[in-house]
4 protein chains.
Amino acid sequence: MVNKKLKIGMIGGGPGSFIGAIHRMAATMDGLMEVVAGAFSSNPEKSRQTGEELFLDPSRVYANYDDLLDKEKNLPESERIDVVCIVTPNHVHFDPTIKALKSGFHVILDKPMTFTLEEAKTLYDAIKSSGKLFCLTHTYTGYPMIKEAKSLIEKGVLGKIRKVYVEYPQGWLWKKLETEDNKQAQWRTDPNQSGSSNCMGDIGTHAFNLAEYVSGLQVSHLCAHLNITVEGRVLDDDGAVLLKFNNGAHGILTASQINTGAENNLKIRIYGEKAGLEWEQEDNNSLRLRWPDKPDEIYRAGTGYLSSLANENTRTPAGHPEGYIEAFANLYRNFARTYYALEAGKDPKKEWLDFPGAEDGLRGMAFVKNVLASNQSDKKWTPFEV
Amino acid sequence: MVNKKLKIGMIGGGPGSFIGAIHRMAATMDGLMEVVAGAFSSNPEKSRQTGEELFLDPSRVYANYDDLLDKEKNLPESERIDVVCIVTPNHVHFDPTIKALKSGFHVILDKPMTFTLEEAKTLYDAIKSSGKLFCLTHTYTGYPMIKEAKSLIEKGVLGKIRKVYVEYPQGWLWKKLETEDNKQAQWRTDPNQSGSSNCMGDIGTHAFNLAEYVSGLQVSHLCAHLNITVEGRVLDDDGAVLLKFNNGAHGILTASQINTGAENNLKIRIYGEKAGLEWEQEDNNSLRLRWPDKPDEIYRAGTGYLSSLANENTRTPAGHPEGYIEAFANLYRNFARTYYALEAGKDPKKEWLDFPGAEDGLRGMAFVKNVLASNQSDKKWTPFEV
Amino acid sequence: MVNKKLKIGMIGGGPGSFIGAIHRMAATMDGLMEVVAGAFSSNPEKSRQTGEELFLDPSRVYANYDDLLDKEKNLPESERIDVVCIVTPNHVHFDPTIKALKSGFHVILDKPMTFTLEEAKTLYDAIKSSGKLFCLTHTYTGYPMIKEAKSLIEKGVLGKIRKVYVEYPQGWLWKKLETEDNKQAQWRTDPNQSGSSNCMGDIGTHAFNLAEYVSGLQVSHLCAHLNITVEGRVLDDDGAVLLKFNNGAHGILTASQINTGAENNLKIRIYGEKAGLEWEQEDNNSLRLRWPDKPDEIYRAGTGYLSSLANENTRTPAGHPEGYIEAFANLYRNFARTYYALEAGKDPKKEWLDFPGAEDGLRGMAFVKNVLASNQSDKKWTPFEV
Amino acid sequence: MVNKKLKIGMIGGGPGSFIGAIHRMAATMDGLMEVVAGAFSSNPEKSRQTGEELFLDPSRVYANYDDLLDKEKNLPESERIDVVCIVTPNHVHFDPTIKALKSGFHVILDKPMTFTLEEAKTLYDAIKSSGKLFCLTHTYTGYPMIKEAKSLIEKGVLGKIRKVYVEYPQGWLWKKLETEDNKQAQWRTDPNQSGSSNCMGDIGTHAFNLAEYVSGLQVSHLCAHLNITVEGRVLDDDGAVLLKFNNGAHGILTASQINTGAENNLKIRIYGEKAGLEWEQEDNNSLRLRWPDKPDEIYRAGTGYLSSLANENTRTPAGHPEGYIEAFANLYRNFARTYYALEAGKDPKKEWLDFPGAEDGLRGMAFVKNVLASNQSDKKWTPFEV
């Protein structure tokens, strides 16, 4: 029986990393997991520094991820890590994930899944055949009111979906920040670290994932137009995509890093033949249900009338705001709950299994590839192919 | 010298008309104009009924617009109307406008300008050669904070414009209301009264006009996709248009009548290389200025720090909300102020001249035609041609 | 039969008046009334100037209100005014109102009713015995969603009312504006024109009126504390009042002119044993219903599900914002509709009779007097006496 | 040197506890502290159950707090706890805190400090003489934008403070929930566990603490009125308090548990002679600065222009919402950072020392006592005495 916290070994997340710290907070806040080992940076001194800040046993702070995987898998079962958490830039996703799975570890991987669609396909198969748990951290699907939105649509409250609007406005790359010693800007705008797309790969994929997740639909065709707005950039920093879904619904996805002054207000609006719903991340604890013939309703996180899917992803009562870190932690908690259930030989609740995985990763990479293909085409519509 | 209210003769606006009543409130609230004559309906009894409700002299309630124009122009100058206000469905815009101009009257016309682009071109020339004042009631440009937005962009506060988002979400046609004895739904979804487009013609043109008006830019290319969502309709009830502007900026315009539960929240967001701005019609007295490196600012109608363009279009101090009718009335008031100035042999203030006219009408009709052409094309981009 | 617009003679409202212009827009926007005569200022030249701006017949612009009343009442019935509208500072309310009633005119009077409670009592009796229509323009009761709020409470939707919060925050007197050539600030802070209270008399009375109107309750006891914040003032510019209502409910009323940066966001929140409601003037087209065990609902002006009381006070469909001027105009329109019904020998709809009158005026003046008495007392509670 | 996580022993927080779980998330999310021991319930089986859920060594799950304190203090220094965290109902605050301090442990205590003011005074002295760190978890002072508000006022941005409004509206006790097997409702409405006040003690103290914390002022006089709204209750469930501050400013504090439908929207508004500020907990990442003569500004958490006090209490970039748990965690993190600095022989940053402590606790208890005294008095003002 498992009567212990799940042990994490982290790859990436050294000094200056934004997302590494978020993963650690998300992993530990519920007391189900703890970081015990890491290869935090390709620079051994930086890796050591982060290990020290995390009070790790220095012997478990490694110079690189190969070391981490090799040495940890040879530790006694009671000591060695259970899960590898990978938070490196995109070009260092595929290799450590494949190796971690082969070393017998479960994996939590920051999105996007890989550097190229081809890698993603290979990894998808590797995950499926590994028998290991795999989570791709599409954070925004972890919000309680996003769970409620999905649940309401599944129950048919909106009727057949007709229209989906999803937008991801950011403004932080309004100027050429990548020349100003900003690590986040540097790697994201660098095709060698980020891949073939910056804006669509970084945030467009979140918007795409959210749209498919909440609506329960899949994109079948798209018409994309990308822009490079700030002079001297080589990757897109802005774009718009018209969408057709597999049920005949239509949609529009926009993503931008040059909406000057905008922060991070990922927003989704879905309209069906009976009702509509609207949610935005910067006011994440509310979900507005829109009715054609009665007052709109404001569903609120932490209340007594929500679905089990929302409830299993909530920690506080109504009016005590949860936020981004809790949404992130919901991915980790569901992953851990699933792990504990399986270890105990039980079926996990279906609500716990609802965390993003290999399929989301593969479709996300396909989204980027299809968007780029459409952008280069002078034909209006490009079929969505995986 | 003109020491009298401007006299209006109204064409259309009989029982069941929504926009006729709005025009009358807009015309009269500032005490500069009054309705003294009308041909309110093609049904003489209905016309008579409206005339009575307006306390009109029965001799000036006419059976049709030809009558109105013929008889009024032969009245003594001190009695006869000065302005013809036309609020009929779209297919009855061109003819009465042309005739009113020929009869020597100024004209205020509800949008869109005409039924077809060809009519619009003819009318455009007629207006220009008539020497008469002409206003096309693109209401939404009348809001004080839209005036402020335009003014801020003109002053360069946002820097070069990079991106324009404009959306016009409505939900009222979520079901087949046109079969339920709803006059508004009936004529708008009927190609014989509405023209070649319903949604894009009715509200897409407002969004288009607002985007060009506020940004000071012109659309150069577009990529449109229209939908007929509710079974049995023949005209579009939803659509999206990607835009390129003449300065290199990009944009997205969406308009829908099937966003179930949505009311009328026309919204515009514009981002430049220095700052962004955001405005929405359902919260029309606020304008949000977004900055990359300092707190966003909320500009508010009726305050002391606004531009003269905003001030000339405001009636109440801050915190006393103005709304749709006041925005509409701003068009009328500017029209009247221009009239009075010209009659007095003075130059009107440039703020008064800032009401929509023939150029707006022509570009609006071209927008509809170009959108329809793009929608039928499988090429991504269609050049915007007038 | 009355087949004509109601004719208004206005007292006050000359150059520099804020509220005079508002009254005129409110009176004329629905086409039921028109201003035909006036004594706009104690300065005849200023009066003449306003008359000219309104295109009035110079013979009906009077040097003072005695003149106006005397001469108008002697005009032929078809020509003379029907209604006197009084928009002078508070110390010139009583006398012209009494005389107007005696002259046989209906009266619309800006609030507060009089300069002193004693005057108010006398005027109350005079109104009651006159048989004339009387409206006191407590604007804020004219908003459609305030009508809806009242209606919901009357229907018992909230259950027994337990708690009422009403606040009226303004910031415009944050500095000593009255020494800066600001006419509005001058008369309101001057005890000779304003009366014994500035803040509580000017805006506290609106808050008080709104609380009693919406809740359907009456204040029975109060505990007041007033402040003079800006040095050199002699009247209150800020205050708070604890309230007990006649059904056992409790409340808090706050009013301030020194909430620096605040505009005019009169706000009311009422909680009953079943539900709560919240409304604020700066977002006047929404009313939030709060439920203990299901999602809050947002009632919206112009929708199809509202009460007849709200519907009779609306002009535009949902999403076309109405505002302060329309709320004001609702008082005028209901007044006019009542007039026309009575003239036609019919019972006015009860929704039309729902405009503020003598009782509101009397209780408002009593409120001021009781607040001042409580403020000077060191006892906690003062009974509310009229 | 301390190169380890701080070890916590928790008293209270067993099954059914809301706040115990919150404390644990707050303590562990930053990786600086961990719960290693506990006496979670007076019921040993329940205590054991919670210990198991937390993966604790069973030998460190104790039957009662005396046991915990006795046994832990005798463990080797490298093993034993460093901090005692006390999350029991109010009547079990004093004794374990005193004993924990005497046992040489630092203490984090849930508010209010004690059951009575007398206990609070004794405890205050005990804390001061103990030389131990003490934190009283007034959560709401932990929000980044509350830190910013305090900072702006300290810098004089608002000028001299004139007016403070603080309100704490809840609706959860709208009905007699304490008879419905709701543990939270039961102990809070029970004078034997809660003390002499329910509403004012539970949430009024938060409002009071926030007002003094942000404004930098102290209440000098108050005028309170409390209500017992739901039949059968013995303690207050609603109340209002007029305030005078030591600089001459005035204020109003309201707290209620019967604002049906309200959640937890603690709100503070402060107006000075130059500007105002407004913050509400349910939109905690924004702070509105209000100006009399320029546009309001929206300060946002995680941006680059904030004070060091705000920055030291933030984890995510702008637009990635932080919430209640992060605010709570800020108290813990500052406590831990202070601890580490002191252990290292360094001066803690002043931003880290900014967590609520003994003084806050003492004034909170005095607030309750003074409010009750005022409530029973028929005199308007009661001086605030500690």
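Analyst: A quick definition to begin with: the expected span of a helix is 1.5 Å times one less than its number of residues. Keep in mind that this is a predicted model.

Now take helix H11 of chain C, residues 324-343. With 20 residues at 1.5 Å a residue, H11(C) should span 28 Å, and its end C-alpha atoms sit 29 Å apart, so the two agree. How many of its residues are buried? Counting a residue as buried when 20 or more other C-beta atoms lie within 10 Å of its own, the answer is 15 of the 20, so H11(C) is largely enclosed by the rest of the structure. Just after the helix, C:Gly345 adopts a positive phi of about 75°.

Over in chain D there's an open sheet of five strands, paired in parallel and ordered E2-E1-E3-E4-E5. E2 (33-39) and E5 (134-136) of chain D are the edge strands; each has a single partner strand, so one side of each is left without a neighbour in the sheet. From one strand to the next, the twist averages 20°. E5(D) runs parallel to E4(D), residues 106-109, and three bridges join them. In one of these pairings, D:Leu109 has D:Leu136 in E5(D) as its bridge partner.

Then there's the meeting of chains A and B, where 32 residues of chain A are in contact with 32 of chain B. On the chain A side, the elements giving two or more residues include strands E6 (161-169) and E10 (267-272), while E9(A) gives the most, with four. By class, that side has eleven nonpolar, twelve polar and nine charged residues.

Definitions and conventions. Residues numbered from 1 in each chain as written. Chains lettered and ligands numbered in written order. Predicted model: local features only at pLDDT ≥ 70, side-chain atom pairs only at ≥ 80, totals over all residues. Buried ≥ 20, exposed ≤ 12 C-beta atoms within 10 Å, placed from the backbone. Pairing = 2+ DSSP bridges. Axes fitted to C-alpha atoms, helices over the stretch in contact; angles between N-to-C directions. Contact = placed C-beta atoms within 7 Å. Nonpolar A, V, L, I, M, F, W, Y, C, P; charged D, E, K, R; others polar.
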